[in-house]
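Colleague: I am new to reading models like this one. Can we go through it in short steps?

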Amino acid sequence: HVHCCVLYFGLGTLLQVALRKRAIVLFVGVTYGILDEIHQLYVPGRSCDPLDMVADGVGIAIGLFITERILRA
C-alpha cells in the first residue's frame with residue numbers, strides 16, 4: 001500500500017499546484033483513487049482493495065498539505 005501512497009502523494013502535489021483549492025484537490029484526488037480501484041475490478045489479475053483507497057487518500061492529503069505549506073512560504 002506504500003507505493004499507492006507515494007504515487008498519490010505526487011498526484012496531490014500536482015493537483016494543489018494546479019488548483020490551489022483544498023476541497024477541490026481532495027475531492028478530485030480521492031474520487032480518482034476510488035475510480036481507479038473500481039476500474040481494477042475489470043482488469044485481469046488485479047483486484048479492488050479498500051486499503052489501497054485509504055492509502056490513495058492519505059497520499060493525496062499529505063501531498064496537498066506539504067505543497068500548501070511550501071506555496072504559502
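Modeller: Helix α1 (residues 2-19) and helix α2 (residues 22-40) pack together, with their axes 9 Å apart. Helices here are DSSP runs of H or I with at least four residues, numbered from the N terminus (strands are E runs of at least two). This is a predicted model: local features need pLDDT of at least 70, side-chain atom pairs count only at pLDDT 80 or more, and totals for chains, interfaces and linings use all residues. Residues are numbered from 1 along each chain as its sequence is written, and side-chain values use heavy atoms, leaving out hydrogens and water.

Colleague: At what angle do α1 and α2 pack?

Modeller: Axes are lines fitted to C-alpha atoms, for helices over the stretch in contact. Angles run from 0 to 180 degrees between N-to-C directions. For α1 and α2 the angle is about 145°.

Colleague: Which residues of α1 make the contact with α2?

Modeller: Contact means heavy atoms within 4.5 Å. On the α2 side, the contact residues include Val25, Val28 and Tyr32. On the α1 side they are Tyr8, Leu11, Gly12, Leu15, Gln16 and Leu19.

Colleague: How many aromatic pairs does the whole structure have, and which residues form one?

Modeller: Rings of Phe, Tyr and Trp (its six-membered ring) pair if their centres lie within 6.5 Å. Planes under 30 degrees apart count as stacked, over 60 as edge-to-face and the rest as tilted. A search of the whole structure finds 1 pair. With 6.2 Å centre to centre and 45° between the planes, the tilted pair is Tyr8 and Tyr32.

Colleague: Why does the pair tie together parts that are apart in sequence?

Modeller: Tyr8 lies in helix α1. Tyr32 lies in helix α2, so the pair links parts whose separation in sequence is 24 residues.

Colleague: Is Cys4 buried or exposed?

Modeller: Cys4 is found in helix α1. Cys4 touches Asp52, Ala55 and Asp56, not counting residues up to four places away in sequence. Buried means under 20% relative accessible area, exposed over 50%, partly exposed in between (1.4 Å probe, protein chains only). At a relative accessible area of 8%, Cys4 is buried.

Colleague: Which residues does Thr67 touch?

Modeller: Thr67 is found in helix α3 (residues 50-72). Thr67 is buried, with a relative accessible area of 7%. Not counting residues up to four places away in sequence, Thr67 touches Thr13, Gln16 and Val17.

Colleague: Where does Arg20 lie?

Modeller: Arg20 is not a glycine, yet has a positive phi of about 55°. Arg20 lies in the loop between α1 and α2.
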